[in-house]
Amino acid sequence: MNVIETYNLTKRYKDFTAVSNLSLSIPKGTVYGFLGPNGAGKSTTMKMLLGLTRQTEGEFMVDGKTYPKERMQILKEIGSFIEAPAFYGNLSGEENLDIIRRILGLPRSSVDDAFELAGLTQHKKRLARKYSLGMKQRLGLAGALIGRPPILILDEPTNGLDPVGIHEIRTLIRSLPEKYNCTVLVSSHLLSEVELMADEVGILNHGRLLFEGPLEELRRDAASRGYTSDNLEETFLRMIEEDNERSEGKI
Amino acid sequence: MSIAMECRKLKRTGFLPAVLGVGLLSAMIPVVNMAVRTELYVGRQEPPLQILMEANWQMMAMLNIFLIILAACVLYHTEFADNAVQKMDTLPLNPGSIFISKAIILAAAAAILTVLESAGFAACIFKWFGLPEGCWLELAKNMGYSLAFTLPAVILMLAIGSACRNMWISLGIGVAGLFVVIIIPPDMLAKSGLYMFPFALPFQLIWDADGPGALNLLYAAGAEVLIFVGAEALYLKVRRYFV
């Protein structure tokens, strides 16, 4: 069963098309890696799923609910972290999460639980504006994880983290479907990173979906195209390069 | 619930000290003016409140509007500074409720100013004019009108603040609006109808509180509030198409 499905989702800004006829199917209980170079349309797609920006064409369903009719119900089920940490700098980490908790109608214990999950418990009393970049990133993640929502949308969640932090967050994301039965849509521009945590991948370039399916299928697809299937990063780069050349009319 | 949450967001912004500080400063204006120039005002034929308001209200109203401009900017700066507004937009919360809650908070701040200023006027009436009959009712009516005339500026400034990510732009628009009112002579304001402009309305003085002039201004203020709330609702509806 698919938790998120999009049908020909398109977003145009005047003469620029950020996302073009995107049809995604994200199965329940999986980590779905959303891959693409900078400007491929990953964040725009995620923003459309959250209702932050309105699609020009197409539609989508989240857990059987349609947008915009059931926007509120959709948002109740999604924990999200988009582009960069978003918080009130004049409030402490704890006060920030408390605001989210109140909006979601969660018990007080959910704040501590979210801090624990994001590994930020010892800094929860500090003002958010005084956090380091990595801590802000973790606060953003804690804000997404609070209440353990059934669907998580995470846009490049490891940006700004040190290697240890990257490893911790990756491990956490990897464990979420099993531990809390949730579905994670996580974006990255690094296949090597997605490879370590995703069950399924969607590869996006210039707003178009180049590939969607399990990692194994990507390997098979790479082999059939004559790429080295043991190095998916190379496969990804070749796919992007080929698509760019096709767009420029070289192929 | 939403109002309590908006109040929490104002922690460490200096919002409440600013409201109290400006309120006290404004309340002190008639007291200090009366104390240093007593002979200029006592012994005149007009009612005490009219004497006091004619002598001091321009300065007090300017302080009120300036605080409303600053406070509206602060209220939305907390949302935009670290992109918290985006987080709020991803939560199951009606964005209109954030605006309405902020409007109630800012209107309450304007009410605090009115109460403090009323106390300043009351102290002056008590100390220098005795207590003429009906003066309390007159004071309550006048200050009630003043508060009502402030509400269009409250809503307009919040609507501007909600649309401008950069606080300096909303602050600039507000200050420019206030300067326009200050530099245009009052008779020209009256002739051109510009006295209905949200930043000019709080400068209006009412002597016949039950007369048609006062009620017309009240209706105008009400209409402006409805127009600006409608404009904000429309903005909140269409903004997602342009992001």
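**Ground rules.** I am working with a predicted model, in which local features need pLDDT of at least 70, side-chain atom pairs count only at pLDDT 80 or more, and totals for chains, interfaces and linings use all residues. Residues are numbered from 1 along each chain as its sequence is written, while chains are lettered from A and ligands numbered from 1 in the order in which they are written.

**Strand β9(A).** My helices (H or I, at least four residues) and strands (E, at least two) are DSSP runs, numbered from the N terminus. I call a residue buried if 20 or more other C-beta atoms lie within 10 Å of its own, exposed if 12 or fewer, and partly exposed in between, with C-beta atoms placed from the backbone. I looked up β9 (residues 183-188) of chain A and found six of its six residues buried, so the strand is largely enclosed by the rest of the structure. In a regular strand the side chains alternate between the two faces of the sheet. Here Thr183(A), Leu185(A) and Ser187(A) are buried on one side, and Val184(A), Val186(A) and Ser188(A) on the other.

Which strands pair with it? Pairing takes at least two DSSP bridges between two strands. I found β4 (residues 31-35) of chain A running parallel to β9(A) with five bridges, one of which links Leu35(A) to Ser188(A). Strand β8 (residues 151-155) of chain A is also parallel to β9(A), again through five bridges, and there Ile153(A) has Leu185(A) as its partner. From β8(A) the chain passes through helix α6 (residues 163-180) to β9(A) in a right-handed β-α-β crossover (clockwise from the first strand over the helix to the second, with the strands pointing away from the viewer).

**Cores.** A nonpolar core here is a set of buried Ala, Val, Leu, Ile, Met, Phe, Trp, Tyr and Cys residues joined through C-beta atoms within 7 Å. The largest has 73 residues, and Ala114(A), Ala142(A), Ile153(A), Val184(A) and Val186(A) touch the most other members. Helix α5 (residues 133-145) of chain A gives the largest share, six residues. Another core, apart from that one, holds 60 residues, including Val22(B) and Ile105(B).

**Where the chains meet.** Counting contacts as C-beta atoms, placed from the backbone, within 7 Å, I get 21 residues of chain B against 25 of chain A. On the chain B side, α1 (2-9), α5 (84-89) and α10 (212-242) each give two or more residues, and α5(B) gives the most, four.

**Chain B record.** An unreviewed UniProt entry lists "transmembrane region" for several stretches, among them 58-78 and 167-186; the positions use the numbering here, feature names are shortened, and annotations may be inferred rather than shown by experiment. I find residues 58-78 100% helix, with end C-alpha atoms 31 Å apart. Residues 167-186 are 90% helix, with 30 Å between the end C-alpha atoms.

The peptide bond from Tyr67(A) to Pro68(A) is cis, with omega near 5°, and Pro68(A) sits in the loop between β6 (65-66) and α2 (71-77) of chain A. Asn83(B) has a positive phi, near 65°, in the loop between α4 (48-80) and α5 of chain B. Asn83(B) is partly exposed, with 19 other C-beta atoms within 10 Å.

Terms used. Two residues are in contact if their C-beta atoms, placed from the backbone, lie within 7 Å.
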